Amino acid sequence: MTVRYSAAMASRRLSNGLLLLGSAGPPRAVVAPYLQRVGVVVAADSGFDLAVELGVQPDLVVGDLDSVTRRSELARLPAGCVRAANPDKALTDAELGLQALAERGCGLIIVAGGGGGRFDHQLAVLGLFERDRRLRVWLTAGEHMEAIAGRACFRGHRGSTVSLFPLSGTADGLSSHGLRWPLDGIRLRRGHASVSNVVVADEWQVAVERGRLLMIRNLERLPIPP
C-alpha cells in the first residue's frame with residue numbers, strides 16, 4: 001500500500017510544473033509550499049534571477065536572456081540547462097517556458113513572478129491564463145491568483161481581500177462560503193468583476209457552475225494550498 005501511494009504521489013508531482021518569470025516575484029515563504037508539489041522548474045529569461053533569489057535551480061532556462069542579471073550564476077549551470085532563443089522570436093519568453101513544460105508532460109502549471117514592471121507583460125500572462133487551462137496559480141510579490149473551474153476550497157487568510165474576474169467570457173452560477181459578501185447566484189460577464197470581498201472564515205470556498213474565474217487575493221497572509 002505504501003509503495004503504491006508513493007508512486008502515485010511521485011507521478012502527480014512530476015506532472016506539475018513551475019514557471020518562473022521576471023519582475024516582482026514572491027518571497028521564498030510563499031513559494032515553498034508549492035515547490036514540494038512540482039517536478040519540473042523552468043525559468044523564462046530573468047525568471048532565472050527569481051530562481052537564484054528563491055534558492056531554486058531550474059531544470060531549464062529559456063528565452064533571449066536579455067534581462068538576466070545573474071550572469072555568473074547562469075554560466076555555472078550544467079550543460080543543456082539553458083535554451084537561448086533568438087531575440088526576434090515570435091513567442092514571448094513566458095510562452096517558450098510553457099512550451100518547455102509541455103514537452104516534459106506537465107499538465108498543471110504554477111507561475112511565480114511577473115508582478116509589477118510592465119503592464120503589457122502582465123496582461124500577456126493574464127492572456128495565457130485565459131487560453132491555457134494548465135495554468136492554475138500565479139504568485140507575484142503582492143498577489144496570489146488562481147484559476148477556478150468548479151469549486152475551490154481554501155484554509156486560512158482570514159481578513160484578506162479577494163476579487164474575482166471571469167476568464168474567457170461569462171462565469172455563471174457563482175457561490176461562496178466564508179466571504180463577507182456572498183456570491184450566490186452572481187453572473188460575471190467579461191468586463192465585470194466582484195472586487196474587494198473579504199475572507200471572514202478560517203475555511204472558505206468559491207464555486208462557479210459554468211465558465212471559469214480568476215481569483216485574486218492579496219498576500220497579507222501566506223497561501224496554504226488546499
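This note sets out numbered points on a predicted model.

1. Basis. Local features require pLDDT of at least 70 and side-chain atom pairs count only at pLDDT 80 or more, while totals for chains, interfaces and linings use all residues. Residues are numbered from 1 along each chain as its sequence is written, and side-chain values use heavy atoms, with hydrogens and water left out.

2. Nonpolar cores. A nonpolar core is a set of buried Ala, Val, Leu, Ile, Met, Phe, Trp, Tyr and Cys residues joined through side-chain atoms within 4.5 Å; buried means under 20% relative accessible area, exposed over 50%, and partly exposed in between (1.4 Å probe, protein chains only). The largest core has 25 residues, and L18, L20, F48, V61 and L74 have the most contacts inside it. Two or more of its residues come from each of β1 (16-20), α2, β2, α3, β5 (108-112) and β6 (135-139). Helices (H or I, at least four residues) and strands (E, at least two) are DSSP runs, numbered from the N terminus. Another core, of 24 residues, lies apart from it and includes V40, V42, L60 and L101.

3. D45. This residue sits in the loop between β2 and α3 (47-54). D45 is buried but has no salt bridge, the nearest side chain of opposite charge being K89, 6.2 Å away. A salt bridge here is a side-chain nitrogen of Lys or Arg within 4 Å of a carboxyl oxygen of Asp or Glu; Lys and Arg count as positive, Asp and Glu as negative, and His and the chain ends are not counted. Beyond neighbours within four places in sequence, the contacts of D45 (heavy atoms within 4.5 Å) include V61, D64, D66 and D93.

4. Helix α5. Eight of the 11 residues of α5 (residues 93-103) are buried, so this helix is largely enclosed by the rest of the structure. Among the buried residues are D93, E95 and L101. G105, with a positive phi near 80°, follows α5.

5. Largest pocket. Its volume is about 490 Å³. The lining comprises 25 residues, with G22, T92, D93, A94 and H121 nearest the centre. Helix α6 (119-131) and α5 each supply at least two lining residues, and α6 gives the largest share, six residues. A pocket is an open set of points on a 1 Å grid over the protein atoms alone, where a 1.4 Å probe fits, with protein on both sides within 12 Å along at least five of seven lines; lining residues have an atom within 4 Å of a point.

6. R37. At 39% relative accessibility, R37 counts as partly exposed.

Methods. Points joined across faces, edges and corners; volume = space filled by probe spheres on them.
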